[in-house]
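Subject: Structure for you to look at

Hello,

Here is the structure I promised to pass on. Please open it beside this email and follow along.

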Amino acid sequence: MKLRYALAFAILPIVVVLAILQAGALLTRSYMDEASSQASSALRLAVAALAGHLSRYEPLPALIADHDDIEGLLQAPDNPALRKVANQYLKEINALLESSDIYVMTPDGNTIAASNYDTPGTFIGENFSYRPYFLDAIAGSPARFYALGTTSLKRGYYFSSPVEVAGKILGVIVFKVDIDSIESSWRGGEYKIFVADPEGIVFMTGSPEWLYSGILPLDAPRLARTQTSRRYADAVLKPLPVTESVYHGQHLMQIAGEGTRREYLRLSHYMPQADWTVNVLFDTASVRTQARTTLIAGLLFICLAALGGAVLWQRRGRVVERLRLQEETRNELEHRVEERTADLARVNEQIELEIAERRLTELELRKTQADLIQAGKLAGLGQMSAALSHEFNQPLAAAKTYADSAAMLIDRGRVPEAQDNVRRISGLIDRMASISRHLRNFARKPNEKLGPVPLPDVIADTLEIIAPRLKAADAQLTVELESDGILVKAGPVRLQQVLVNIISNAADAVEGLPDRRIVLSARRMDSTVVIEVHDHGAGVPAAIAERIFDPFFTTKGVGKGLGLGLSISYNIVKDFGGSLSVANHVEGGAVFRIVLESAETVREAAE
């Protein structure tokens, strides 16, 4: 018997140690999974911010490539007057779009016009034929490329597009976009964020010491490919001392530096269009410390429980000392209550800190939402660019015809008829100016307060913008207003964006169908105004009705929508204090219903 007890006491410490090690591993794994979930949210925000920033400029090179000044210059590249006009035009567009540089190259790669033509580091006269964005564009395809400028030595993202006239490529136009503003927002945060190119070289990071470092071995083939495109000019590339491992499905990265080695949890997302990999690192030191702290607290609790059991066992054997043991137990309980009270106080402090962090996160999310709203508007303008080009080309062609006709009439002495042609040309110019003004106001980032907004005026501006889309879908839009004096509490530009998104979706729904009618109606209901958009399409299936306002949810094909329009519209209407819902109409099709507070009710209450 004694031998059995001795053996049990000898094995017990080993069992306890193994149990502690297993518990520590389980706690570390649990906290690591939680940290991975939080880092995943930060990764999604970083990817969305990068994609939104770049999508603002993607359709612009192709639009500017169609400008008469650019085409004229490439048809006569040695004409100094055309060069002067093109340089001034590129400088004005560059300032308006807040891009880094815009320049035009001939088929041999020589730069003949640039927005920085009047600065010491101008690109004019430089040859960039070795750049991949030039090679792809001169072959007839739009291109994207990230690099360190060989002339300006500034990092930037390049968008290029061929300039094609009468089926012949005469040159290439290039946009260079500055990304330093995004990079600066990554500094000093809880997470370390960096972006690597296909060769594993870090070119964007909130940690300047990692810039131009390779997380993959910088072997000869990688260096040769990088040198061929001169992506980083004369920058010194250096390896980053990295050791990677996998811990229960989580990717860990150890980075050495300045005599220390830190371990990070790594999450990555590949952006295929930009050919980037966005990485988010979270320092695991806090995770492992938290796991150890929880394990120690658990051990202390087990020790306290074991102590209580020993006290109870001792009380059974010592009946005569019951009163004394009861006093000791009472004192022990009071001590534990004090400890628990102190623990609760610490927990309350932690909760207050978490509340403050959540409020800060909410502010960041609101800012991100505003950027997504602007990205959604610019994406919508990009999708409508072809129709808008047709809308501008028609009056331009008509103006050209009227001008030629007026010249012939003047030669023949028929001045009154020539004057009538001039008046027609003036009307066409007014029409194009009206369309341009509405598009400019629509694309501007709103900074407006809520107030009384005349609904008929907003609808009229919306029709100016959405008309090309309706014409492309061959849809018929009917507006039914209860009266011309309806006022709602909203912001005019954002309300216009909501109507553009919903009517665009209605045009998509009826396109190609026999019945392509769309009805926009508005009526007062008590202290609210109800706006409804009814299409005669296939309606909204019950399976997607609950998800239709979720971000990035779309039923359209690849490249036909970001899945942000309805989500942005839902949040805009919510910010107005209203509601946005969708249902199927009894006569067929879908009905989007917007309920806003009547501004007339608000004014009467104020009075």
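First, a term you will need throughout: two residues are in contact when they have heavy atoms within 4.5 Å of each other. Leaving aside its neighbours within four places in sequence, Thr 478 is in contact with Ile 518, Val 519 and Leu 520.

Some ground rules. This is a predicted model, in which local features need pLDDT of at least 70, side-chain atom pairs count only at pLDDT 80 or more, and totals for chains, interfaces and linings use all residues. Residues are numbered from 1 along each chain as its sequence is written, and side-chain values use heavy atoms, with hydrogens and water left out.

**Confidence**

pLDDT is the predictor's confidence in each residue, from 0 to 100. The protein averages 78. A score of at least 70 is reached by 81% of the residues. Where is confidence lowest, and where is it highest? The lowest mean, 57, belongs to helix α16 (residues 599-606). The highest, 94, belongs to strand β18 (residues 528-535). Keep this in mind: where pLDDT is low, the predicted coordinates should not be read in detail.

**The whole protein**

There are 16 helices and 20 strands. Both are DSSP runs numbered from the N terminus: helices are H or I with at least four residues, strands are E with at least two. The protein has 607 residues, and 38% of them count as buried. Buried means under 20% relative accessible area, exposed means over 50%, and partly exposed is in between (1.4 Å probe, protein chains only). The protein exposes about 33,500 Å². Carbon and sulfur atoms supply 57% of that area. Accessible areas come from the Shrake-Rupley method with a 1.4 Å probe; for residues, only the protein chains shown count as cover. Now take the contacts between residues at least 6 apart in sequence: 61% of them join residues at least 24 apart.

**Two helix pairs**

Two packed helices are described by the angle between their axes and the distance between the axes. Axes are lines fitted to C-alpha atoms, for helices over the stretch in contact, and angles run from 0 to 180 degrees between N-to-C directions.

Start with helix α3 (residues 68-75) and helix α4 (residues 80-97). They pack at an angle of about 145°, with their axes 9 Å apart. Their crossing is left-handed. That means the near helix is turned anticlockwise from the far one by less than a right angle; clockwise would be right-handed. From α3, the contact uses Asp 69, Ile 70, Gly 72 and Leu 73. From α4, it uses Leu 82, Arg 83, Val 85, Ala 86, Tyr 89 and Leu 90. Seven of these residues are nonpolar, one is polar and two are charged. Here Ala, Val, Leu, Ile, Met, Phe, Trp, Tyr, Cys and Pro count as nonpolar, Asp, Glu, Lys and Arg as charged, and the others, Gly among them, as polar.

Next come helix α13 (residues 492-510) and helix α15 (residues 565-575). They pack at about 145°, with axes 9 Å apart. This crossing is left-handed. Residues of α13 in the contact include Arg 494, Val 498 and Ile 502, and those of α15 include Leu 566, Ile 568 and Ile 572. The contact has six nonpolar, five polar and two charged residues. Buried residues in α15 include Leu 566, Ser 567 and Val 573. After α15 comes Gly 577, with a positive phi near 85°.

**Single residues**

Back to Thr 478, in strand β15 (residues 476-481). Thr 478 counts as partly exposed because its relative accessibility is 38%. Val 533 is 55 residues from Thr 478 in sequence, and their C-alpha atoms are 9.8 Å apart.

Is His 536 buried or exposed? At 15% relative accessibility, His 536 is buried. His 536 lies in the loop between β18 and α14 (542-545). Beyond residues up to four places away in sequence, His 536 touches Val 510, Leu 513, Asp 515, Arg 517 and Gly 589.

Most residues other than glycine have a negative phi. Asp 474 has a positive one, near 55°. Asp 526 has a positive phi too, near 60°. Asp 474 is partly exposed, at 47%, while Asp 526 is exposed, at 79%.

Best wishes
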